[in-house]
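Me: Could you take me through how to read the features of this structure, one at a time?

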Number of protein chains: 2
Amino acid sequence: MPDDVHAEAIPEGGPAGAVRRHRVVVVGSGFGGLETVQRLAGAPVDITLVDQRNHHIFQPLLYQVATASLATSEIAWPIRSLMRGRPEVTTLLATVTGVDMAARQVLLDGEARLPYDTLVLATGVRHAYFGHPEWEPFAPGLKTLEDATRIRRRILLAFEQAERETDRRRQDALLTFIVVGAGPTGVELAGTIADMARDTLPPDFRNIDTHRARVVLIEAGPRVLAGYPEDLSAYAQRSLERLGVEVELGRAVSACTAEGVVYGDRRLEARTIIWAAGVRASPAAEWLGAPADRAGRIQVLPDLTVPGHPEIFAIGDTVTIAGPDGKPVPGIAPAAKQEGRHVAGTIKARLGGAAGPSAAFRYRHQGSLAQIGKKLAVIDFGWIKLRGALAWWIWGIAHIYFLIGVRARLSVAINWLWIHIRNQRSARLITQGRGAEGLPETSGSSGSAGAPPAL
Amino acid sequence: MPDDVHAEAIPEGGPAGAVRRHRVVVVGSGFGGLETVQRLAGAPVDITLVDQRNHHIFQPLLYQVATASLATSEIAWPIRSLMRGRPEVTTLLATVTGVDMAARQVLLDGEARLPYDTLVLATGVRHAYFGHPEWEPFAPGLKTLEDATRIRRRILLAFEQAERETDRRRQDALLTFIVVGAGPTGVELAGTIADMARDTLPPDFRNIDTHRARVVLIEAGPRVLAGYPEDLSAYAQRSLERLGVEVELGRAVSACTAEGVVYGDRRLEARTIIWAAGVRASPAAEWLGAPADRAGRIQVLPDLTVPGHPEIFAIGDTVTIAGPDGKPVPGIAPAAKQEGRHVAGTIKARLGGAAGPSAAFRYRHQGSLAQIGKKLAVIDFGWIKLRGALAWWIWGIAHIYFLIGVRARLSVAINWLWIHIRNQRSARLITQGRGAEGLPETSGSSGSAGAPPAL
C-alpha cells in the first residue's frame, strides 16, 4: 500500500455529521473481541474492530482443517459480513504495531493512528518454541487458517512421498507423524491423524499400507489432557493407544530438525512434526509496557483493565487472571467470550454514569470437551464426567451449535456425516506453493502450486 | 525429496506377482484423463495416473472460487479417493518432464522413469500472455485452485484497501477491476464481480460505496462470447452492461503493469487485472517433437494418436483437431470427455484383437452454456437457444449434476442458495502469504499470512 495512508484515512466511526460518540477500538476478532463487539450492540458507541486477517476463525475445529476433515470456509467467516447489521461498527484490515497511551491512539502498520476512548485488546497467542524459534520450519503450529492448510499439506504430502519411496527407512520416516504436546489440540490432532491413516486412506494407496503409519504424541508432563480429571486423562490415553497412537509421557523435546525430534534420551526420525506445546501471547504487553507473565500475557486487574489504565481492557489468551478457584482462567473460547461480555457490560455501565471501580470479572467454568477420535470424546462438566460415544455426540452437537450461521452448520454436519458413513475426508487438497512455507524437506517432485505449467 | 528416488520406485501397476498386463499411463487428471481411466474400467490393463496435483478440478466452476462463491473443496476431489474402487489404478503425484519414446518411458521429475505400453497425454493448457510473460504478476490467469484463491485474495484486498484509502484517484484504481478476454470465463468473472460489488458487499463497507466499483471487460475481438451465435453474444453484452460491466470491444491489450492496462489508444488505471484471454498448451508437443499449432497444441491424427506413434494418444486442450463442421473442436469439458471415451474404446478394441487402423474420433457438440450473472445465463444447444432466468436454472442444474458425489452437490447447492437468498458469499477469505504470490502492489498493512505474530 502507498506510504501516505495516514491518520485521516482512519474513520472515527459513525456517519459523517453525526454527533461524536464514545469511540471503542477492539483489536482482534477472535472469540473475545467478537463477543465484546456483539455485547455492545445498542450502546451509544462507535466501534472500530481491527484485525490483521479478514476473517474470524472457529479455533476449536481448526485441527479438523489441518486433518482434511473440514474446508476453511466452514470454520471461518468474513468479519465484515458478521458486522453487516451493525452500521456503527467499522472493520479495519490492519496490523497493530503499538499503542500511544498518552494520545490514546492505536498505531496501525507503523504509520496510521486510530484514536480511541476505550481500547479492548483481544489479540490472542501464537505458538512458541520455548526459546527455540529455529524449530518452527520443522514443527509448524496451529493457530491460523494458513497454519492449518500448511499442516494438511505436509501430512498429505508425506503419504504421497511414502507411496513413491523405495528406501524402507526413509519410508518409515515419511510415515511417522509426531505431535508435540498432549493438550486438547495435540490429542485431537494425534487421534484424527490415526483415524485418517486407519480408516480414510487405506483404499487409496497401492504401494504402502497406511496402517503402518506411526502417530507419536510426545508430552513433557506426566499425562495427556493435564487440565482434565485424572480418570479422563487415563481414559483418553487408553483410547488414543487403542487407535494406534504411541503416547510418550514425561520427556521434553530437546531438538526438532528436518530429520525428526530428540526427546529425553530418545531420537525419533520423522518427516512430519506438529507443534501443539507452547504458546506465547501477542506483543500487547510490550505495546503497553504492562506487567506480564513469562508467556507474555498481561497481568490485568480483576476488572480486566490494564494497571494504571482504566480505559484499556485486555481479554482472552493475551491476559492471565486467576479464576475463582485460584487457578488461572484457561485459554479457551468460553473464557474469552465471558471476558468479552464482562468488558462490554463495564463499558455500558460507565457510559450509563456508573461511578467508582468497575465490577470484577468472575469466571464460570462451563466444562471441558475434547475429541479423541471418531466417536470418542471426553467431557468434564464438573458435576458430571462423560467419555466415549455419548461424549462424542455431545461434543459434536455442541460444536455445531456454536458455529455461526445455518450454512456453516449444515455444511459441517454434512461433512461429518460423510466422514462417518463413507470414510471420506473431502478437504484432502494439497494447495499452497512451496515458497509459501519454506518447507525444507519438501520434494521437488511433489510440488503442486509454485511450479506453473507442465501438466 | 531425496535425489535417489528412482525408477524402481515407480510401480508398474497391479499387485506383486500378478501376470504382467498391458500398461497404460495417463498423464493429467482433468476431464479427459479421468474419463479415459474411468472408461477403461474392466479392461485387462494396469493404469498409472500421473498428475502434479493431488486433485481433480471441476474447471467450469473455478471462477466461482475466484469470486468467493464456492470453497475449494467443493469443486476439487483428491484423485486417490476417486480411484479407491479401482485397485488396478495407481495414482502418482509427480511432474512429467519428458517422454522417452524409444524406451517407452515417461520421465518424472527429471529422474524417475515410468514405463508404458500405451500413453495418454491429457495435460491441458495454461494461460499465456501473447509473448508477454512479464504481465503475469499483474494479471493472473485462472487455471488452478491456487490461481483461484490468488484472484479471490486480490479482489477482496482491493476492496479492503479502498476502504482505508483517502486519495480519491487511488481509491478509484483500487475499485477498478479489469478482466481481459470475453470468452466464457471472462464473461463469468466480470458478471460475478459486478454481482458481488452490487449485491454482496455494500452492507459490509462503511467508507466506500461498493456500487462505485468499475468492472471493465476488454476484448480484442468484435464481440463477447465469440463462440456463440451472434444474438446470444448481443444478449450477453446487454446483460453485462445492465449489471454495470463496461464492455470494451475491438481493442487489444498492449501493456499490463502495476498501474493498470493500455488497450488500443486508451489507458486505464486499475489495481486488479485478471487474465482470461490467451492460453498455451502444456509442453507435451515438445516432449514428443510432435507437430503443433501456434498455441503449442499437438496436431493429432483423426484417431487422436500422435503421428508416427499409434501407442501415444493425446486429448483435451493439449491437442487441436477438426470437428465434423471443419472448425476446431472447442477446448471444453465435454469435448475432452468424449475424446477420453474414444481413446479408452480404442485401447480396449486393440486389446480385444482389433486389427487395422483405429476408428476416427467424431466430436458431437452438445451445447454451450455460460453464466452471465445472478439468474442470467445463455445456452446454445444448436437446436434451441435459451437466455435469461430459464437458461440460468438449466445452467445451475447441469453444473450440479456434473459435480462428483452427493456431498459436493449438496454443498454447492446450499452455497448457491445462500448467495441468492442472503447475498452472502461464504468463501470471502483472504488467505495465502504475500510471498506466495509476488504481488507487487500488495500493501504492507493488509498482510494476512506470512507475518506471523502480532494480532
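Reply: Helices (H or I, at least four residues) and strands (E, at least two) are DSSP runs, numbered from the N terminus. This is a predicted model, in which local features need pLDDT of at least 70, side-chain atom pairs count only at pLDDT 80 or more, and totals for chains, interfaces and linings use all residues. Residues are numbered from 1 along each chain as its sequence is written, and side-chain values use heavy atoms, with hydrogens and water left out.

Me: What are the helix and strand percentages of residues 392-418 of chain A?

Reply: That span is 89% helix and 0% strand, with its end C-alpha atoms 16 Å apart; an unreviewed UniProt entry lists these residues as "transmembrane region", an annotation that may be inferred rather than shown by experiment.

Me: At what angle do helix α10 and helix α11 of chain A pack?

Reply: Axes are lines fitted to C-alpha atoms, for helices over the stretch in contact, and angles run from 0 to 180 degrees between N-to-C directions. Here α10 (residues 389-402) and α11 (residues 406-422) of chain A pack at about 150°, their axes 9 Å apart, which makes α10(A) roughly antiparallel to α11(A) (the term applies to angles over 145 degrees).

Me: How many residues of α6(A) are buried?

Reply: Buried means under 20% relative accessible area, with a 1.4 Å probe and protein chains only; in α6(A), 13 of the 17 residues are buried, so that the helix is mostly covered. Helix α6 (residues 184-200) of chain A reaches 22 Å from its first C-alpha to its last, close to the 24 Å expected at 1.5 Å a residue, where the expected span is 1.5 Å times one less than the number of residues.

Technical notes
Chains are lettered from A and ligands numbered from 1 in the order in which they are written. Angles under 35 degrees count as roughly parallel, over 145 as roughly antiparallel, 65 to 115 as roughly perpendicular and the rest as oblique. Buried means under 20% relative accessible area, exposed over 50%, partly exposed in between (1.4 Å probe, protein chains only).
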